[in-house]
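Hi! Here is the structure I promised to hand over. Have a look at it first, and then read my notes below.

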Amino acid sequence: MDSTPYLTVDAEVLDRNLSDAADAAAARGLALRPHAKSHKCVEIARRQLELGAAGLTVATVTEAEVFAAAGCADLFIAYPVWATPARAGRLRALAERATVRVGVDSAEAAALLAGTGVEVVVEIDSGHHRSGVHPAGAGELAAAAARLGLTVAGVFTFPGHGYGPGRQARAVADEAAAIRTAAGAMRAAGVEPGVRSGGSTPTASTSDSAALTEIRPGVYALNDAQQVELGTCGWGDVALTVAATVVSVAGDHLILDAGSKVLGADQPAWVTGGGRLPDHPDARITALSEHHATVVFPPRAPRPAHGEIVRVAPNHLCAAVNLADELTVVRNGVEIDRWRVAARGTNT
């Protein structure tokens with residue numbers, strides 16, 4: 001690429017991340033169902049499936065359509081889909097060419113899925129307090145879905161409250177307890193929870209393999225600055241970075257040509273800036289404008305000069321990828337391919 005900014009993927013790091021996660025899940029007897037909303041890329045999804053992934057997780061019906069068209073035959077839409085007539089028709093078409101599971105957290109939503117041919121998975125709240133029923137209510141909802149003629153495949157949750165320093169152990173414990181409670185409630189209602197799904201990138205390596213049957217991490221494939229700051233990975237495990245040019249230097253700070261429209265605007269309170277520079281770990285991005293990143297270096301620290309290209313790890317790669325049309329794939333610093341972000345903007 002001649003002009004920055006653009007997203008790069010280190011093929012060697014990506015392949016190692018994928019292989020390590022596949023091996024780790026298999027060693028613990030867990031199915032790996034990666035969340036494709038992180039990379040949105042057919043080439044990465046195919047690599048995950050070739051390494052033994054049980055299928056893909058997606059966030060929307062359109063994402064499911066993209067990956068089904070690319071040949072994925074087992075998809076889980078891990079979202080409480082509200083199936084309007086048009087969306088129900090799309091789900092019916094999807095179910096004719098792939099195994100499709102859809103999250104539900106209400107009898108009303110389940111009723112809209114009846115007759116579409118999809119299976120449903122009951123969503124429970126394990127502490128993140130987003131969507132999902134209370135674990136004890138999973139049996140009642142599963143029974144209601146079954147009465148509608150739906151196949152209830154099991155139960156799932158997202159331990160999203162593990163995103164924060166020192167929170168992973170609590171989130172893992174909460175997830176396991178909630179899944180066990182929900183599974184018991186479902187069995188009491190006459191529905192066997194064959195699938196017990198959870199996990200996230202920060203919690204995947206310590207998820208309770210006795211409580212769960214599968215995990216759904218997504219960020220692990222490429223990693224980002226958040227995961228480094230959480231201790232989930234190191235800088236050598238970050239496969240996706242933004243190539244950005246130093247366009248201005250003033251005193252103790254410089255400006256890069258990659259702002260929030262490239263890096264994304266996500267900045268949780270616990271992170272140390274608007275992204276990180278892996279090759280300059282003591283530097284901090286102190287401000288993001290749409291097309292500017294302000295980077296401050298410690299006093300007397302070596303810093304890039306005008307026109308120099310640096311690598312920037314976004315805080316949240318899912319947002320950064322969704323802003324890009326393609327990923328530039330490199331090996332040993334040399335471009336070897338370009339991959340289209342096939343599921344970019346697939347929000348419906």
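A word on exposure before anything else: a residue is buried under 20% relative accessible area, exposed over 50%, and partly exposed in between, using a 1.4 Å probe and protein chains only. Please keep in mind that this is a predicted model, where local features need pLDDT of at least 70 and side-chain atom pairs count only at pLDDT 80 or more, while totals for chains, interfaces and linings use all residues. Residues are numbered from 1 along each chain as its sequence is written, and side-chain values use heavy atoms, with hydrogens and water left out.

Let's begin with the salt bridges. The term stands for a side-chain nitrogen of Lys or Arg within 4 Å of a carboxyl oxygen of Asp or Glu. The structure has 17 of them. In one, D325 meets R344, with 2.3 Å between the closest N and O atoms. D325 sits in the loop between α10 (317–322) and β15 (326–331), and R344 in the segment after β16 (334–340), so this pair ties together parts that are 19 residues apart in sequence. With a relative accessible area of 55%, D325 is exposed, whereas R344, at 35%, is partly exposed. There is also a network: D15, R47 and R331 are joined by salt bridges that share partners.

Another salt bridge joins R101 and E119 (2.9 Å, N to O). It links distant parts of the chain, as R101 is in strand β5 and E119 in strand β6 (residues 119–123), 18 residues apart. R101 counts as buried at 16% relative accessibility, and E119 as partly exposed at 22%.

R196 itself lies in strand β8 (residues 195–198). Leaving out residues up to four places away in sequence, R196 is in contact (heavy atoms within 4.5 Å) with residues including V155, I179 and R187.

Next, look at helix α4 (residues 85–95), where A88, L91 and L94 are buried. These residues are on the same side of α4 because they cover an arc of only 115 degrees around the axis, the arc being that of the directions from the helix axis to the C-beta atoms. P85 and A86, on the other side of α4, are exposed. The buried residues of α4 pack against α3 (61–69), β4 (74–80), β5 (99–104) and α5 (107–113).

L91 turns up again in the largest nonpolar core. Such a core is a set of buried Ala, Val, Leu, Ile, Met, Phe, Trp, Tyr and Cys residues joined through side-chain atoms within 4.5 Å. The largest one has 91 residues, and F67 and L91 have the most contacts inside it. Helix α1 (residues 11–27) gives the most to this core, with six residues.

Last, find strand β14 (residues 309–312): V310 and V312 are on its covered face, I309 and R311 on its uncovered one.

Cheers!

Technical notes
Helix = DSSP H or I, 4+ residues; strand = E, 2+ residues; numbered from the N terminus.
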